[in-house]
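Morning, everyone. Please bring up the model on your screens, and I'll walk you through a few local features.

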Amino acid sequence: MRTFFPSDSCKESQLNAINPQSWLQVERGKLSKFSSSHTNSSSIESFIKVPEPPILPFFKPIDYVEVLAQIHEEMESCSPQERSTLYLLQFQIFRGLGETKLMRRSLRSAWQRAGTVHEKLVFGAWLRYEKQGEELIADLLATCNKCAQEFGPVDVSQLQVEVNGCSKETVVMNGEKSLKNVNFKIGDEIIVCDRQKIASLSAPFHAMLNGYFTESSSQDIDLSENNISPLGMRTIGEFSIRGSLSEVHPDLLLEILVFSNKFCCERLKDACDRKLASLVCTKDDAVEFMEYAIEQNSPVLAASCLQVFLHGLPDCLNDERVVEIFSHADRQQRSIMVGQASFSLYCLLSEVAMNLDPRSDKTVCFLEQLIESAETDREKLLAFHQLGCVRLLRKEYDEAEGLFEKAVSLGHVYSIAGLARLGYIKGHKLCSYEKLSSVISSVNPLGWMYQERSLYCEGDKRSEDLEKATELDPTLTYPYMYRAASLMMKQNVQAALAEINRVLGFKLALECMELRFCLYLAIEDYKAAIRDVQAILTLSPDYRMFEGRVAASHLRTLVREHVGSWTTADCWMQLYDRWSSVDDIGSLSVIYQMLESGGAKGVLYFRQSLLLL
């Protein structure tokens with residue numbers, strides 16, 4: 001499962017990082033040896049940094065068990081239409097816990113129990129987004145009828161749209177029955193239609209042709225000023241008789257759609273809506289047709305366009321036209337586009353946008369739409385907190401403070417961490433410390449509370465808070481990293497490595513492997529360093545180190561110059577040794593190197609998949 005924000009190593013830091021170019025010169029022999037130029041603690045401090053832990057855009061309740069139990073109880077008594085929303089909330093809770101498999105299971109349950117076509121579209125697209133790269137597996141499973149259906153398209157024609165009928169009663173005028181035919185004049189052409197068939201299309205036509213209007217007794221009626229072409233009117237006449245549309249050009253369908261909307265021809269409009277929906281194939285089609293769908297209130301066409309957009313995630317969000325559609329939709333437009341699944345849609349779009357760039361304007365727009373779509377307190381507090389996190393990243397501190405306060409007022413205690421961080425940024429360090437102390441004393445404390453409070457104190461107090469944070473939540477990486485860096489400042493290398501190995505023993509955290517990579521560089525253990533950077537590249541090929549300044553792949557190239565090359569036989573022996581000793585990171589590193597140099601890639605990818613599982 002992708003994280004919302006980039007890893008800590010990609011974030012800005014107020015500290016001055018090591019200059020990669022200087023390090024490059026060292027490695028190429030242009031400067032003195034690394035060990036001799038970085039022996040004092042200040043030099044090490046400029047090289048090994050531990051960024052502050054981010055305020056995560058997650059729903060983090062005080063008592064996970066109680067909230068999950070409450071959701072389960074609500075699921076047993078709620079209507080089928082509400083169940084998918086509850087599974088989405090369950091997904092958000094598991095995300096706060098970092099439980100990837102449970103998160104995906106909740107998404108799949110939401111998709112399976114979707115009560116509407118729109119929910120099916122959104123949750124199916126979400127699952128597909130989370131499973132990017134698994135399409136080949138889906139194709140393989142399809143051969144044995146076990147393909148995950150969320151990879152396939154949803155039949156939007158299943159969308160039920162209420163179509164009102166029209167009275168076909170003939171009104172007697174002046175003692176005479178209505179005329180059998182009616183001649184519609186459009187420009188220089190005359191289109192002959194069955195008067196009662198046309199009248200049956202809508203109440204306005206019925207009133208015009210059979211009611212107390214001049215046209216009811218007229219054989220000829222001029223429609224030249226109603227933006228309908230002769231061919232369009234002939235097609236409408238044929239529809240009034242047959243009840244269906246033949247093969248019609250899309251431009252003509254759009255013309256008829258606008259006409260049917262103007263004259264309230266619900267059956268004709270629905271037929272155009274569905275016919276146009278079947279013609280949406282590409283993103284450009286969807287952009288063009290979505291405008292008509294929203295203007296003409298055509299939900300089936302809108303759903304078809306939405307499906308194309310969602311199928312193209314995340315790439316389609318690089319298209320400003322698509323972003324514009326989602327960003328500026330009002331309540332009515334959202335209803336046309338996604339029915340009652342507006343909150344679910346913007347949850348998905350916000351996650352994708354934050355993965356692309358949490359500081360972007362489109363991320364802010366989607367989260368603002370999420371707030372507008374939220375109905376329950378739990379939905380609102382999640383939306384307020386997420387937008388607060390983004391505003392904090394964008395250094396829009398006043399706006400972030402207001403959002404965190406709203407989330408806290410709705411019961412989201414974790415948002416207090418955001419308020420404390422803002423207080424610290426504004427120079428109110430003691431106030432931030434007291435804010436966290438108040439939370440710790442008033443509720444059953446959690447690890448993140450002590451971790452956050454440790455940022456606002458020094459010395460033994462900080463160490464005690466970090467130890468308590470690890471005791472309450474061993475999965476928090478910041479305490480291990482801080483302790484390891486502190487030990488390294490004291491030039492206690494082995495203790496620093498032992499500390500960071502504690503967390504890497506059960507959690508492959510990229511930021512922890514990066515720190516260990518730096519520790520190995522500091523002691524010139526290049527074999528261990530190359531192992532860690534290759535494992536990092538296996539997990540995240542585009543990872544950047546030293547606060548996002550240097551690509552990990554570039555550092556691998558530099559370190560590789562100091563490590564002897566292995567033959568294929570050496571690689572297999574190294575892989576066997578690491579596999580036997582259950583050294584997952586070492587095994588991933590060796591496999592990465594073997595894949596880079598060619599060889600039996602099928603076998604190697606299989607072994608890699610076993611390790612990643």
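**Helix α17 and its surroundings**

Start where α17 begins: a side-chain oxygen of Asp330 comes to within 3.2 Å of the backbone nitrogen of Gln332. Before going on, some ground rules. This is a predicted model, where local features need pLDDT of at least 70, side-chain atom pairs count only at pLDDT 80 or more, and totals for chains, interfaces and linings use all residues. Numbering runs from 1 along each chain as its sequence is written, and side-chain values use heavy atoms, with hydrogens and water left out. Helices are DSSP runs of H or I with at least four residues, strands are runs of E with at least two, and both are numbered from the N terminus.

Which residues of α17 (residues 331-338) are buried? They are Arg334, Ile336, Met337 and Val338. Buried means under 20% relative accessible area, exposed means over 50%, and partly exposed lies in between, with a 1.4 Å probe and protein chains only. Down the axis of α17, the buried residues fall within an arc of 160°, so they line one face of the helix. That arc is taken over the directions from the helix axis to the C-beta atoms. The face turned away from the buried side carries exposed Arg331 and Gln332. The buried residues of α17 pack against several helices, among them α7, α18 and α19 (361-373). Contact here means heavy atoms within 4.5 Å. After α17 comes Gly339, with a positive phi near 60°.

Now to α7 (residues 117-130), which holds Trp126. Trp126 is buried, at a relative accessible area of 0%. Leaving aside neighbours within four places in sequence, its contacts include Leu88, Phe91, Ser344 and Glu351. Trp126 and Glu351 sit 225 residues apart in sequence, yet 9.7 Å apart in space, C-alpha to C-alpha.

Last, confidence. The protein averages a pLDDT of 84, and 81% of the residues score at least 70. pLDDT is the predictor's confidence in each residue, from 0 to 100. Over residues 167-176 it is below 50. Where pLDDT is low, the predicted coordinates should not be read in detail.

Methods. Polar contact = N/O pair within 3.5 Å; in protein donor to acceptor, adjacent residues only side chain to side chain.
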